[in-house]
Amino acid sequence: MNQGPVLVTGAAGFIGAAVSQALLARGGVVIGVDNLNDYYDVKLKQARLDRLLVRPHFEFHRLDISDRDAMLKLASDFPDITHIVHLAAQAGVRYSLINPYAYVTANIMGHVVMEELARALPALRHFVYASSSSVYGANKKTPFAVGDAVEQPNSLYAATKRTDELIAHSYAHLYGIPSTGLRFFTVYGPWGRPDMAPILFATAIAEGKPIRVFNHGEMWRDFTFIDDIVEGVLRALDRPPSAAPPHALYNLGNHKSEKLTDFIAEIEKAMGKKAEKIMEPIQPGDVPATYADIEAATRDIGFIPTTPIATGIPKFVAWFKSYYAKGRTN
């Protein structure tokens, strides 16, 4: 693909680092932005970043996306940016019950700043941003399709992600910025976030501690392997929408809803050790099931996930054992 530099926000994050690696692998130039906040282990973020910093076509800037002046300066520093992959956000459903202001600052103000930066970049061809399956909220119909109603968010996090979609639509309408929002479904894999279930479960199993299983095990998730997500992001990036307004939304999921207890069983198998489980009620803000209808993404951008959990989890566990074994000896 013929393109100039790609700006990736959240470049030290789970998905951001993986997307940056993939862009570099295909010969791209990546300008990475991240504020390296301490929502979770900064050492893990730095370790992801260190793998990027050795690449010759990667440049990193430690910036907060809600800092208007610092972010908008990128337009004059790098006027040849042709694509933005905006993945930086305050993540996590449960933390939004504790620190709501962080979500409004990062996910809404930060998103508006990114839209203004997109407006200011003369060469920009496509603005791709992260949404979330959480926007479907209390939706009872499965699988979740992009045309489904999304007016009943179950958490502030979900509400901010839906707000981002509306803001992107309005900027596409007002300023003609080609924009694509990607609703990610429960991403897992090597270099994943330690606040998410796979690392929480693997850590507990490794340490012989019990794991908390919510909704008494009646939880279903469309677990999507990181390599499939990265492939979807790049496919979307290469295909800006041309409709009026030029704004598209896609689900990026595995198109298969797995029972949480089956997911745990795969981790147990890969770890070679059984987990002690404590069954608990569903947590505020959580939904019992997610399941992606990916028909639109398959039709428009050729997105076809290929990694079942029986393949993805052993790869995740191999990385987990390697990374955390090294961490314990340092």
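D67 sits in the loop that joins strand β3 (58-62) to helix α3 (68-77). Helices (H or I, at least four residues) and strands (E, at least two) are DSSP runs, numbered from the N terminus. D67 is partly exposed, with a relative accessible area of 37%. Buried means under 20% relative accessible area, exposed means over 50%, and partly exposed is in between (1.4 Å probe, protein chains only). From D67 to A12 the C-alpha distance is 18 Å, and the two are 55 residues apart in sequence.

The model is predicted: local features need pLDDT of at least 70 and side-chain atom pairs count only at pLDDT 80 or more, while totals for chains, interfaces and linings use all residues. Residues are numbered from 1 along each chain as its sequence is written, and side-chain values use heavy atoms, with hydrogens and water left out.

**Strands**

In strand β4 (residues 83-86), H83 and V85 point one way and I84 and H86 the other, and all are buried. Strand β4 pairs with strand β1 (residues 6-9) in the parallel sense over 4 bridges; two strands pair if DSSP finds at least two bridges between them. V85 in β4 is the bridge partner of V8. Strand β4 also runs parallel to strand β5 (residues 126-132), joined by 4 bridges. Here I84 stands opposite F127. Between β4 and β5 the chain passes through helix α4 (residues 100-120), and this β-α-β crossover is right-handed. The term means that, with the strands pointing away from the viewer, the path from the first strand over the helix to the second runs clockwise.

In soluble globular proteins, nonpolar side chains tend to be buried together. The largest nonpolar core here has 73 residues, and I15, V19, F184 and W319 have the most contacts inside it. Helix α10 (residues 309-329) gives the most to this core, with 8 residues. A second, separate core of 24 residues includes L63, I84, A88 and L117. A nonpolar core is a set of buried Ala, Val, Leu, Ile, Met, Phe, Trp, Tyr and Cys residues joined through side-chain atoms within 4.5 Å.

I15 touches L87, F184, V187, I226 and I229, not counting residues up to four places away in sequence. Contact means heavy atoms within 4.5 Å.

**Rings**

Rings of Phe, Tyr and Trp (its six-membered ring) pair if their centres lie within 6.5 Å; planes under 30 degrees apart count as stacked, over 60 as edge-to-face and the rest as tilted. By this rule there are 21 aromatic pairs. In one of them, Y188 and F223 are edge-to-face, 6.4 Å centre to centre with 85° between the planes. Y188 lies in strand β7 (residues 187-188) and F223 in the loop between β9 (220-221) and β10 (224-225), so the pair ties together parts that are 35 residues apart in sequence. Ring pairs also link W191, F316, W319, F320, Y323 and Y324 into a cluster.

Charges over rings are listed below; a charge sits over a ring if NZ of Lys or CZ of Arg is within 6 Å of the ring centre and within 35 degrees of the ring normal.

| Charged residue | Ring | Distance from ring centre |
|---|---|---|
| K45 | Y40 | 4.6 Å |
| R119 | Y175 | 3.9 Å |

**R221**

R221 is found in strand β9 and counts as buried at 13% relative accessibility. Residues touched by R221 include K256, E258 and D286.
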